[in-house]
Amino acid sequence: RDANAAALVREAAWRSQNNEEGAPSKAPLTGIISLVEDLFAPSEKPPAPSYEAWKKHKDEAQKGRARIQFRRALGGLSHALDAPELKEMLLKYQVLNEDALTEEIRASAREWARSPDGHFAQLKAGLKNSDSDVEEGRRKVLRDLEAKTGFVTLETWKRYELALKRRDACEGPLPFETYLASIKAERQKAEKVVEEWTKSKDEEEKLRKEDRMRRAPVDKVVDEMRSLYDQAHDELDGQYKASRICPSIEAKLRGFTEKAQNGLVTKAQFDDTFGKEAFSLLADKRVAPKALALADASVRQSITARRSSGEKPTSEVFGMSSEEASKHAKELSEKKENETNEEYTKWVAAKAEERKKSLKARKEKAKALKQGLDSTRSDVEAKLTAWRKAQAKASRALKKRAAYTGDDAETITKLEDAVDAANKLRAETGVAATAATKRWKALKSARKVARGK
C-alpha cells in the first residue's frame, strides 16, 4: 500500500510540473489526487489500545486460564499451575468448607494428641490435662494457624497430592471432594474399630479386676497346687522325677498360707505368687486344663479367644462364690480352733501331770537328800570326833616321847613307833573327815537347789 501511494504521489507531482503532458497513465490529475486522499484517509479499524488496557486484558485472560487449570487440579487432573499460583488459589477460593475444615482440624488435633509431641505437651503440663484437654488446645492452635496462614488447607492439599501420586492410573481421576469424603469415611471406620477394641479391652480389664477379687479357702488352693505338683512329676526308671517348675512351687507353698486372712486368699495374691508357675504348667498336657483355670484372667481370655468352642475354663477353687468360700473358711477355722483347743487342753493336762510328777520327784529327792544329809552329818561328826581323838592321841604320844630323857633304845623305839602310829591315824582320820565334810556340803547345796533357793 505504501509503495502504490508513493508512486501515485510522484505521478501527481510530475503532472503538476509538466501540465499533464507525457503522464505515465491516462488518469486525470484529479483522479490521482482522489486516489491519494483515499489511500491516506483514516481507516475504519479502531486505534491501537493503550498499555494499561493491554495489561488488563492480558491479566483477565491469564486469570481465566488459571481458573480452568485450578478446576482441573480440583478434579484430580494434571494442570499447569505452579506452586505459588496453586497456593494463592487454594487460599482464595477456600476449598475446605466449614464442615470439612472442622473435620480436618478435629482429625489433625486427635492425631497430634496421640503423637510423641502431644504426649510431651501433656507431660509438660504436669500430667494434669487429659487427652481431651490436649486435643482441645491443639484445635485452637490449628484454628489460629488456619486463619493466619491457611495451614490446615495446605496440609490437607499435600496429603491429597500424595494420594494422587500413589493412586493407580487405571483407577481414574480422584476429585478433591471425593478424597475428603473417602478419608472421612476411613477415619470413621478406624475410630469405630478403635472404639470397639477399647471397649473389649475395658471389658477384659473389668473381668480381670473382678477375677482378681475372687476369694478361695487357702487350704483348697494349697491342695490344688500340690495336686498339680504331684501330677507334673515324670516317671523315670521307676522313680518320680520333678519337673523344672516343681521346686519353685514347693518353695512358694511353704509361705503362702501366711498370706491368708481369715483363712481366705484372693486371686490377686495367687496370681502374684504362682502366676509364672501356672503359666509354665500350661505346656504340660497332663495338668494344662487345671493350670489354665488357675492362670491369670488375661491369659485365659487370650487362649479362650483362639479356641473354636470359646468355652471359658472355670476353676473349682476360685469358682466358689464369696458366701461358699467364707463358709468353708469359717468351718475350717472353727475346726482348727477346736483342734487347737483340744491340743491345748491336752498340753495343759500333760504339763500339769508333768509338774505334779516333777514336784513329787523333787520332794522325794529333797527327802532323800535330807536323809542323806542327816546321815552324812552324823558321819561327819563321827569322823571329826575320831580325827580329834587321833590328834589328841598323837599329841600325847609326842609329849610322852619328848618327856623321855633316858637312853634305853628299846623304850625310845617304842615311843617313836607310838608317835608314828598316832600321826598315821591322825592323817587317815583327817582325810576321812575331809571327804565326809565335802560330801555333806555337796548334799547341802543340792538340797538348796532342789528347794529352789
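This is a predicted model: local features need pLDDT of at least 70, side-chain atom pairs count only at pLDDT 80 or more; totals for chains, interfaces and linings use all residues.
Helix H4, which spans residues 83–93, has a buried set made up of Leu86, Met89 and Leu90. These residues lie on the same side of H4, because they cover an arc of only 105° around the axis. Pro84, Glu88 and Lys92, on the other side of H4, are exposed. At the start of the helix, a side-chain oxygen of Asp82 comes to within 3.0 Å of the backbone nitrogen of Glu85, and after H4 comes Gln94, which has a positive phi near 50°. Gln69, in helix H3 (residues 51–74), counts as buried, with a relative accessibility of 15%. Beyond residues up to four places away in sequence, Gln69 is in contact with Ser78, His79, Ala80 and Leu81.

Helix H5 (residues 98–113) contains Glu104, a residue that is buried at a relative accessible area of 2%. Its side chain takes part in a polar contact of 2.8 Å with the side chain of Arg159, and the side chains of Glu104 and Arg187 are joined by a polar contact of 3.0 Å. When residues up to four places away in sequence are set aside, the residues touched by Glu104 are Val152, Thr156, Arg159, Leu180, Ile183 and Arg187. Glu104 and Arg187 also form a salt bridge, in which the closest N and O atoms are 3.0 Å apart. Since Glu104 lies in helix H5 and Arg187 in helix H9 (residues 176–212), this pair ties together parts that are 83 residues apart in sequence.

The count of salt bridges in the model comes to twelve. One of them joins the side chains of Glu103 and Arg106, with an N to O distance of 2.8 Å; both residues lie in helix H5, three residues apart, or about one turn of the helix. Glu103 counts as buried at 14% relative accessibility, and Arg106 likewise counts as buried at 18%. Another salt bridge is formed between the side chains of Glu135 and Arg110, at 3.6 Å from N to O. This pair links distant parts of the chain, with Glu135 in helix H7 (residues 131–149) and Arg110 in helix H5, 25 residues apart. Glu135 counts as buried, its relative accessibility being 10%, whereas Arg110 counts as partly exposed at 24%. Through salt bridges that share partners, Glu103, Arg106, Arg110, Glu135, Glu136, Arg139 and Glu191 are joined into one network.

The C-alpha atoms of Ala295 and Leu282 are 8.7 Å apart in space, the two residues being 13 residues apart in sequence.

Val348 belongs to helix H15, which covers residues 322–403. With a relative accessible area of 35%, Val348 is partly exposed, and therefore passes the cut-off of over 30% relative accessible area that applies to patch residues.

How values were computed. Residues are numbered from 1 along each chain as its sequence is written. Side-chain values use heavy atoms; hydrogens and water are left out. Helices (H or I, at least four residues) and strands (E, at least two) are DSSP runs, numbered from the N terminus. Buried means under 20% relative accessible area, exposed over 50%, partly exposed in between (1.4 Å probe, protein chains only). Contact means heavy atoms within 4.5 Å. The arc is that of the directions from the helix axis to the C-beta atoms. A polar contact is a pair of N or O atoms within 3.5 Å; within protein, one must be able to donate a hydrogen and the other to accept it, and residues adjacent in sequence count only if both atoms are side-chain atoms. A salt bridge is a side-chain nitrogen of Lys or Arg within 4 Å of a carboxyl oxygen of Asp or Glu.
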